[in-house]
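Student: Could you show me how to read ring contacts in a protein model? I'd like to start with a single residue.

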Amino acid sequence: MKLDLHTHSAASDGLLTPRELLAQALAADVELFSITDHDTLAAYDEIGRAPMQGRTRIIAGVELSADWRGRVVHILGYGFSWDAPALRAGLTLQRERREARAWAIGERLRKKGIEGAFDGARTLAGGGSIGRPHFARHLVATGAARSVDEAFTRWLNDRATAGIAQQWATLAEAVEWIASDGGSAVLAHPAKYSFTQTRLRELLADFAAAGGQGMEVVCGRQPPEATLELGRTCARFGLLASAGSDFHGPESWAPAPGITPVLPAGLTPLWAQW
Ligand code: AMP
Ligand code: MN
Ligand code: MN
Ligand code: MN
């Protein structure tokens, strides 16, 4: 089954407008599709809330940045009610935090001799949810970095921005916002945190205890061994298995949204409930 439960539009740090992104998903015959922008539901103001677009089923989605023991983890939320009062109030807070962090990143870059980065990133983000990729693209456009990768390594990754306090929702809060509005919370890309197996299990224990329901077993491009390992971990915690591309734009490894995940045997897919 072709699906994509993890994609980004220009409402956050993706390159395509929500309409363009949806059009690509429809053109690729994606059967189950969600736009999971960082800390915003604005894409759905553009594409609407209809549960079906042609033959494609649309699932309400979002990706929240959250704090777990001083580390940033990403929590995906799906299938919440559209009024979603708790989630929407939380998202407003998260975007205020993004704004404050972006300002701090701009100040930090200014002290290092790079002027105008906040304004540049703000312009690239439009009215959307601002993030480090907007800074990275601005730094590349102005010649301060040769590539987005270099911009992250040199200026923007967690170590480079260590001086900037990131006051995201706690893991428990993020899960609570999603769950209280009837949604399912899913731990995004568990392999991307560079946690040891022990630490990942501590995270999943806390996540499950907080009401988390699933984890991504297939995310983006990953070797089959990684999928098997994540599948074992998923089964061990009794979580539902999810899958997505984490598509941000046509320039990335996945030129279009949509994947056909092969889940390890014995797992219950998140989408079985839909
Ligand atoms: P933020 O949400 O502002 O903390 O930015 C995180 C986003 O930056 C992720 O969702 C990715 O899209 C992107 N990202 C993180 N690390 C890198 C990297 N090394 N190179 C390119 N993009 C990155
Ligand atoms: Mn992103
Ligand atoms: Mn993420
Ligand atoms: Mn993502």
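Tutor: Happy to! Trp103 is partly exposed, because its relative accessible area is 49% (buried means under 20%, exposed over 50%, partly exposed in between, with a 1.4 Å probe and protein chains only). This is a predicted model, where local features need pLDDT of at least 70, side-chain atom pairs count only at pLDDT 80 or more, and totals for chains, interfaces and linings use all residues. Residues are numbered from 1 along each chain as its sequence is written, and side-chain values use heavy atoms, with hydrogens and water left out.

Student: How many aromatic pairs does a search of the whole structure find?

Tutor: The search finds 6. Rings of Phe, Tyr and Trp (its six-membered ring) pair if their centres lie within 6.5 Å; planes under 30 degrees apart are stacked, over 60 edge-to-face, and the rest tilted. Tyr78 and Trp274 make an edge-to-face pair, 6.0 Å centre to centre with 65 degrees between the planes.

Student: Is Tyr78 buried or exposed?

Tutor: Tyr78 is buried, because its relative accessibility is 1%.

Student: Which residues do ring pairs link into a cluster?

Tutor: Tyr44, Phe80 and Trp82.

Key: Chains lettered and ligands numbered in written order.
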